[in-house]
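Hi everyone, thanks for making time for this one. Have a look at the chain on the screen, and I'll walk you through a few things in it.

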Amino acid sequence: MKSFFLCSLKDLKKQKTMTKWAGPFKDELTVIFKDGAITVFSSICPHFGGEFNIDLKNLKASCCWHGYEFDLSSGKCLSFSNCSPLRFYPFLINHGDIEVFFP
Ligand code: FES
């Protein structure tokens with residue numbers, strides 16, 4: 001199983017959200033920190049590959065291209081029921097570093 005260093009927990013707690021290209025996964029990942037919980041997901045919109053704006057307060061991602069909204073808790077698309085959900089990634093915290101795994 002491939003793993004990837006995404007960022008340090010210390011930096012994430014400071015910035016609350018970070019986005020980084022994960023070359024080994026051929027995907028761009030976003031990690032968010034909200035109320036003590038960490039979520040890692042692909043920042044490439046499942047509809048057609050657009051970029052997201054992240055609304056941490058309401059835990060939503062909205063796509064810049066066609067405006068679809070996604071729930072950051074469940075990954076579900078809030079705009080259309082037949083749209084694919086966000087792709088979440090498993091991770092662990094290893095000595096203060098967030099390591100993401102390719103499922
Ligand atoms: S590419 Fe994201 S809503 Fe269309």
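Let me start with a definition: rings of Phe, Tyr and Trp, the last taken by its six-membered ring, count as a pair if their centres lie within 6.5 Å. With that in hand, please keep in mind that this is a predicted model.

So which residues form one aromatic cluster? They are Phe4, Phe25, Tyr89 and Phe102. In total, the structure holds six aromatic pairs. One of them joins Phe25 and Phe102, with 5.2 Å centre to centre and 45 degrees between the planes, which is a tilted arrangement. That pair links distant parts of the chain: Phe25 sits in the loop between β2 (17-22) and β3 (27-34), while Phe102 belongs to the segment after β9 (97-101), 77 residues apart.

Phe102 also pairs with Tyr89, again tilted, at 6.4 Å centre to centre and 40 degrees between the planes. Tyr89 lies in the loop between β7 and β8 (91-94) and Phe102 in the segment after β9, so this pair ties together parts that are 13 residues apart in sequence.

Phe102 has a relative accessible area of 28%, so it is partly exposed.

In soluble globular proteins, nonpolar side chains tend to be buried together. Here the largest nonpolar core has 16 residues, and the ones with the most contacts inside it are Leu6, Leu12, Leu29, Val31, Ile38 and Val40. Who supplies them? At least two residues each come from β1 (3-8), α1 (9-15), β2, β3, β4 (37-42) and β9. Take Leu12 as an example: leaving out residues up to four places away in sequence, Leu12 touches Cys7, Thr17, Met18, Val31, Ile32, Phe33, Ile38 and Ile98. There is also a second, separate core of 13 residues, and among them are Cys45, Phe52, Leu72 and Cys83.

Last stop, a sheet. Three strands make an open sheet in the order β5-β6-β7, paired antiparallel. Its edge strands, each pairing on one side only, are β5 (52-55) and β7 (69-71). From one strand to the next, the twist averages 25 degrees. How many bridges join β6 to β7? Three, with β6 covering residues 60-63. If you want to find one on the screen, Ala61 has Phe70 in β7 as its bridge partner.

That's my tour, and I'm happy to take questions.

Terms used: Residues numbered from 1 in each chain as written. Predicted model: local features only at pLDDT ≥ 70, side-chain atom pairs only at ≥ 80, totals over all residues. Heavy atoms only, no water. Pairing = 2+ DSSP bridges. Helix = DSSP H or I, 4+ residues; strand = E, 2+ residues; numbered from the N terminus. Axes fitted to C-alpha atoms, helices over the stretch in contact; angles between N-to-C directions. Phe/Tyr/Trp six-rings, centres within 6.5 Å; stacked < 30°, edge-to-face > 60°. Buried < 20%, exposed > 50% of the residue type's maximum accessible area, 1.4 Å probe, protein only. Core = buried A, V, L, I, M, F, W, Y, C linked by side-chain atoms within 4.5 Å. Contact = heavy atoms within 4.5 Å.
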